[in-house]
Amino acid sequence: MAVSYDVLKSPDNDWDQVWIGANIATMAGAAPYGSIDNAALAIKGERIAWIGAAAEGHCRAQAQGTNVRDAQGMWITPGLIDCHTHLVYGGNRVEEFEQRLAGASYEDIARAGGGIQSTVRATRSSSRDSLYESALARLKCLMAEGVTTIEIKSGYGLDLAAERRLLEVARDLGETLPISVKKTFLGLHSLPPEFAAQRQRFVDEVSGPWLTALAAAGLVDAVDSFCEGIAFSVPETEQFLRAAKKLELSSHVHAGQLSDIGAAQLAAKYAALSADHLEYLSAEGARAMAAAGTVAVLLPTAYFTLRQSTPPPISLLRNAGVPLAVATDSNPGTSPCTSILLALSMACTLFGLTPEEALTGVTRNAAQALGLSKDVGTIEVGKRADLAFWRIERPAQLCYGLGGNPCAAVMYRGKIRDL
Ligand SMILES: [Zn+2]
């Protein structure tokens with residue numbers, strides 16, 4: 001080996017742990033999945049310090065007396081990132097599930113006070129503790145599948161106090177558990193009943209005093225709007241995004257889930273981190289997103305639950321060069337999903353992503369969708385040691401299973417975490 005003993009003993013090599021005998025899907029570089037077979041990975045503190053061949057890693061580790069661990073042929077990927085969830089809410093919508101299967105339409109259910117408004121009522125009447133406990137149960141399912149970063153949106157409170165409570169619960173989850181949480185104020189989700197006759201006043205409140213107060217409390221990493229014919233218009237969403245920009249907050253937009261009203265172009269105009277759903281998207285929208293660097297977040301489990309028939313225009317997005325991410329959209333109505341592996345499978349089977357595109361969508365591109373590319377999303381020197389260890393034969397197996405969980409261990413900030 002062409003490495004001198006002095007180099008091996010240098011402070012740069014002062015590693016805390018070295019993993020050998022792993023196949024690493026770095027999700028960076030030219031090889032499929034950025035993979036390196038029979039690799040070694042060194043960690044110092046909470047950062048990745050070195051990646052290379054297993055033999056050299058072992059040799060360097062022995063020279064400096066570093067603890068060597070054998071991954072026994074497991075695959076290591078970046079910790080997975082679920083970049084679009086509504087994880088914190090009260091109640092559930094299982095009765096509506098039964099009603100729909102018995103023939104009721106969404107309109108029937110909404111007229112009877114169901115839909116988002118029923119979750120708003122359940123959320124407003126829930127205590128902080130019960131919101132925390134129910135979200136915790138869902139979060140543990142995702143964490144067991146290798147998730148180390150999650151985005152959590154508010155949006156089921158729809159008054160300032162309840163929105164604040166949702167964002168505080170999201171913050172508390174991140175501060176209590178070994179996982180990173182990005183908090184998104186989904187201010188424009190649905191018009192609450194008390195503003196039914198005062199639509200513009202609601203948009204003014206959300207974009208003005210509510211956003212200011214929540215941001216001042218450190219509860220807002222980004223904002224989001226459900227920009228859709230049945231929800232909020234392009235001008236209403238623009239008012240909110242403009243207010244967020246003034247506060248130097250990032251944005252996301254629910255765009256093109258049910259129709260194309262130009263939400264993707266608006267997201268691009270404000271350099272939103274992501275436009276999400278995109279079942280209905282024009283070539284112009286895709287071009288604008290590519291030019292702005294806005295990530296397309298695909299939500300196949302919501303598409304599945306709603307039994308939609310028009311998938312997002314994947315070739316259009318690919319050809320335009322828009323980065324594709326995949327997320328669970330975990331929410332009580334349209335995606336009661338707590339499995340990111342199921343979202344991977346459905347991204348391939350329902351939307352036609354390749355397994356490599358899907359896995360990139362919950363690692364590198366999901367990091368970009370949250371503005372975290374410098375820190376997480378790939379296995380590279382200097383990035384955070386957030387890693388998932390898998391008992392699989394090849395990376396595509398993560399997209400192949402329907403049920404089952406091949407995750408053997410998860411490392412967060414350089415420490416193997418207990419689940
Ligand atoms: Zn959503």
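This is a predicted model: local features need pLDDT of at least 70, side-chain atom pairs count only at pLDDT 80 or more; totals for chains, interfaces and linings use all residues.

Q: Which residues other than glycine have a positive phi here, Tyr33 and Asn38 being the ones to discuss, and where do they lie?

A: Most residues other than glycine have a negative phi. In this model Tyr33, which is not a glycine, has a positive phi of about 60°. Tyr33 is placed in the loop between β1 (17-25) and β2 (35-44). Asn38 also is not a glycine and has a positive phi, of about 45°, but Asn38 lies within strand β2.

Q: Is Tyr33 buried or exposed?

A: Tyr33 has a relative accessibility of 12%. Buried means under 20%, so Tyr33 counts as buried.

Q: Which strands pair with β9, and in what sense?

A: Strand β8 (residues 180-188) pairs with β9 in the parallel sense over 3 bridges, and Thr184 stands opposite Ala222 of β9. Strand β10 (residues 250-255) also runs parallel to β9, joined to it by 6 bridges. There, Val223 has Ser251 in β10 as its bridge partner. From β9 the chain crosses to β10 through helix α9 (residues 234-246), in a right-handed β-α-β crossover. A right-handed β-α-β unit is likewise made by β8, helix α8 (residues 199-216) and β9.

Q: Which protein atoms are the donors of the zinc ion, and what arrangement do they make?

A: Ideal angles at a metal are 109.5 degrees for four tetrahedral donors. Here the donors are His84 (NE2), His86 (NE2), His254 (NE2) and Asp329 (OD), at 2.1 to 2.5 Å from the zinc ion. The 4 donor atoms subtend angles of 81 to 169°, and the arrangement is therefore irregular.

Q: How are the donors of the zinc ion spaced along the chain?

A: Their spacing is H-x1-H-x167-H-x74-D. The pair of His86 and Asp329 links distant parts of the chain, 243 residues apart. His86 is in the loop between β6 (80-82) and α3 (94-101), and Asp329 is in the loop between β13 (324-326) and α14 (340-349). Both His86 and Asp329 are buried.

Technical notes:
Residues are numbered from 1 along each chain as its sequence is written. Side-chain values use heavy atoms; hydrogens and water are left out. Helices (H or I, at least four residues) and strands (E, at least two) are DSSP runs, numbered from the N terminus. Buried means under 20% relative accessible area, exposed over 50%, partly exposed in between (1.4 Å probe, protein chains only). Two strands pair if DSSP finds at least two bridges between them. A crossover is right-handed if, with the strands pointing away from the viewer, the path from the first strand over the helix to the second runs clockwise. Donors are N, O and S atoms within 2.8 Å of the metal (3.2 Å for Na, K and Ca); water is not among the atoms, so sites may look incomplete. Four donors count as tetrahedral if all angles lie between 85 and 135 degrees; four count as square planar and six as octahedral if opposite donors are over 155 degrees apart and all others between 65 and 115; anything else is irregular.
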